[in-house]
Each structure stands twice: as structure tokens, then as C-alpha cells.
Amino acid sequence: MAVLLAVVTAACGSNSAAPAQTQGASTDAAKAPEAAKEPEEVTIKHKLGEAKLKKNPKTVVAFDFGVLDSLDKLGIEVAGVAQASVPPYLEKFKDAKYANVGSLKEPDFEKINALKPDVIFISGRQQEAYEELNKIAPTIFLGVDTAKYMESFTENMKILGTIFGKEAQIDEELARINDSIKKLNEKATSNGKNALLVLANEGSLSAFGPGSRFGILHDVFGFAPVDKNIEVSTHGQSVSFEYIVEKNPDYLFVVDRSSAIATNKDAATPAKQTVENDLVKNTKAYKDGQIVYLDANYWYLSGGGLVSTASMANEVLESVK
């Protein structure tokens, strides 16, 4: 009996120790796959091709300022930017901690290569450099298609949300912007007034209508065009002051190109000095105080961003009487 009791006791001791040992091994096994888990890979289709990259890329190069202001709004770090033309509201990106990766039309391939980026974002001004940039890192075109501005803008922002895991924040920002645009559209369409948008550049004027680079004014914000036949082109339709007087718009919106890109802004001719001459003073827009000078930093340099698109809608909304 004593021998039998010893055998049973030994067996019970062995069984009670086993679960503890098994449980510890199970916990370690569960942790191992989690520690070794690779970032999820995403495939992004864009205008110029297809990019495969891992989610939440760490080293980011952004040439497009609309993308840059969106990344900044989302709290995403950027390693390299085209510093020469950075608009004032993105001034912090001129700091030395950010690599200067060239100009908007001439990327510095050597500097970009040295950064070893995980992703590069471009738009129209860098389109010709796409193939070369894509050899360095996955390069994604996120320029806005002005013929379908909001659809294109929304798609671009959702791509950023997918890449950086910011889908919920993107949805919130888009909802705010769409709410502002809805208010603006209701106001613009209810007053029955028309509008003309011109780009002023050192004494010369170009007009932009629906479907154009600045067509958002008509296609999205809701202003009736004073002229439905304005040529749709990158640089707009060259027009004279007599043309403005002839069309006699209720609202005249002006984008001052020089205020955005002039090297010496003090020496540049202010758009107001160019536009408000004796001829234009005969228009309804001038007489009713409805010549509106838009912020060229948003309209000319960085449209299509979370910050710029919201700002564009808000400044026009504030100008509508």
C-alpha cells in the first residue's frame, strides 16, 4: 500500500505541473507571430500606374502641396519637400530638418535617392519625372482632375487614408468640407448672380470657366459662369479688360499669380493695381464691391488638399453677399 500510495502521489504531481508548462508555451507561441507580423501591403492604382507599398510608410517625400497640407493635417511626418515654393501656411517645411528635394518641376534625384523614401507623392508639375522617381520608390500621382474636382479630391484623400490608416479622420475632414461647400452652393445658386474668375500675372489676364483649373468655382461652389464658352486649358484663355467690361460679371474673382510665385514679391505688380482700372470700374462687380481677391497660395499652389480646399470654400463663402 505504501508503494502504491507513492506511485499515485507521483502521478498526481506530474499532472498538476503539466498545465502550467503548457500554458506558458502557448502564451509564447501566441506572442511570437504578433512580434514578427509584417506591415500590411497595399496596392494603389493612380493616373500614371500602380504602386505597391507597405502601410504606414515612414520616409515620405511630397512634391504636391495639397498632399503636403493633408499629411500635415493628419499628423503624418514628411522627410522631403520642394522647399523653394512652399506657401506661407506650410512655412514650417522650410526648416533644415526637412530635405529640400528640388523644385516643383525639377526634382533633385540624388537627394531623393539618398533619403531612401518609402513613398513619393507627385502631381501634374512632376508628371514628366514619374518614371525616374518610380525607380527610386513607389511613386503615386495624386493630382486633382479639375473636370471632376470633388470626386478626384475625395478619391485622393481616401488613398492617403488607406496608406496611413487614417480612414476615420479622412471621413471626418471630408464631411466638414462638404458641409461648407453645401452652404456655399446654396448661397451662390439662390442669389442668381454670375461670376468670372481671372488669373492676373504682371499686367496680363487669363479667364477660367467650368471644367478648368479653377472650375471648382462654377462646378462645385455653384456660381453661374458669365461666359460658358471660355476655353479650357492649363493657362486659361487670354482676355482683355474690354472683355471683362463686355461680360459685366456680378462677381469678379481674381487669383494673383505673382503673389504666390514671384521671387521678389515687393517688386511684383499687385493684381488690384492691374485689375481695378478705369474700364473695370464700370462693371457691376466693381460698383457693388464684389471684386474678390482669392488667396493664390491655396488656389494656385496647393489646391486639392484638406486645408487648401476647405480654405478655398470658406473664403468664397465669406465673400458672397
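Visitor: How many of the residues of strand 8 are buried?
Guide: This is a predicted model. In strand 8 (residues 194-201), 7 of the 8 residues are buried, so the strand is largely enclosed by the rest of the structure.

Visitor: Which strands pair with strand 8 in the parallel sense?
Guide: Strand 10 pairs with strand 8 in the parallel sense over 2 bridges, and strand 12 pairs with strand 8 in the parallel sense over 6 bridges. Asn194 has Ala224 of strand 10 as its bridge partner, while Val198 has Val254 of strand 12.

Visitor: And what about strand 9?
Guide: Strand 9 (residues 204-208) pairs with strand 8 in the antiparallel sense, over 5 bridges. Within strand 9, Phe208 stands opposite Leu197. The two strands form a hairpin with 2 residues between them, where Glu202 takes a positive phi near 50 degrees.

Visitor: Are Phe208 and Phe214 buried or exposed?
Guide: Phe208 and Phe214 are both buried. Ring pairs also link Phe208 and Phe214 with Phe221 and Trp299 in a cluster.

Visitor: What is the geometry of the pair formed by Phe223 and Tyr251?
Guide: The ring centres of Phe223 and Tyr251 are 5.6 Å apart with planes at 75 degrees, so the pair is edge-to-face.

Visitor: Which ring does the charged end of Arg125 sit over?
Guide: The charged end of Arg125 sits over the ring of Tyr300, at 5.6 Å from the ring centre.

Visitor: A change of topic. What is the strand order in the open sheet of 5 strands?
Guide: The order is 5-4-3-6-7, with parallel pairing. Strand 5 (99-100) and strand 7 (139-141) stand at the edges with a single partner strand each, so one side of each has no neighbour in the sheet. Strand 5 is joined to strand 4 (residues 80-81) by 2 bridges, and Gly80 has Ala99 as its bridge partner in strand 5.

Visitor: Which helix packs on that sheet?
Guide: Helix 2 (residues 65-73) packs on the sheet and touches strand 3 (60-62), strand 4 and strand 6 (119-122). The direction of helix 2 makes about 135 degrees with that of strand 3.

Visitor: How do strand 1 and strand 2 pair?
Guide: Strand 1 (residues 41-46) and strand 2 (residues 49-54) pair in the antiparallel sense, over 6 bridges. A hairpin through 2 residues joins them, and His46 has Gly49 as its bridge partner in strand 2.

Visitor: Finally, what does the chain come to as a whole?
Guide: The chain has 13 helices and 13 strands. Of its 321 residues, 45% are buried. The chain exposes about 16,300 Å², with carbon and sulfur atoms supplying 49% of that area. Among contacts between residues at least 6 apart in sequence, 60% join residues at least 24 apart.

Technical notes:
Residues are numbered from 1 along each chain as its sequence is written. This is a predicted model: local features need pLDDT of at least 70, side-chain atom pairs count only at pLDDT 80 or more; totals for chains, interfaces and linings use all residues. Side-chain values use heavy atoms; hydrogens and water are left out. Buried means under 20% relative accessible area, exposed over 50%, partly exposed in between (1.4 Å probe, protein chains only). Rings of Phe, Tyr and Trp (its six-membered ring) pair if their centres lie within 6.5 Å; planes under 30 degrees apart count as stacked, over 60 as edge-to-face and the rest as tilted. A charge sits over a ring if NZ of Lys or CZ of Arg is within 6 Å of the ring centre and within 35 degrees of the ring normal. Two strands pair if DSSP finds at least two bridges between them. Helices (H or I, at least four residues) and strands (E, at least two) are DSSP runs, numbered from the N terminus. Contact means heavy atoms within 4.5 Å. Axes are lines fitted to C-alpha atoms, for helices over the stretch in contact, and angles run from 0 to 180 degrees between N-to-C directions. Accessible areas come from the Shrake-Rupley method with a 1.4 Å probe; for residues, only the protein chains shown count as cover.
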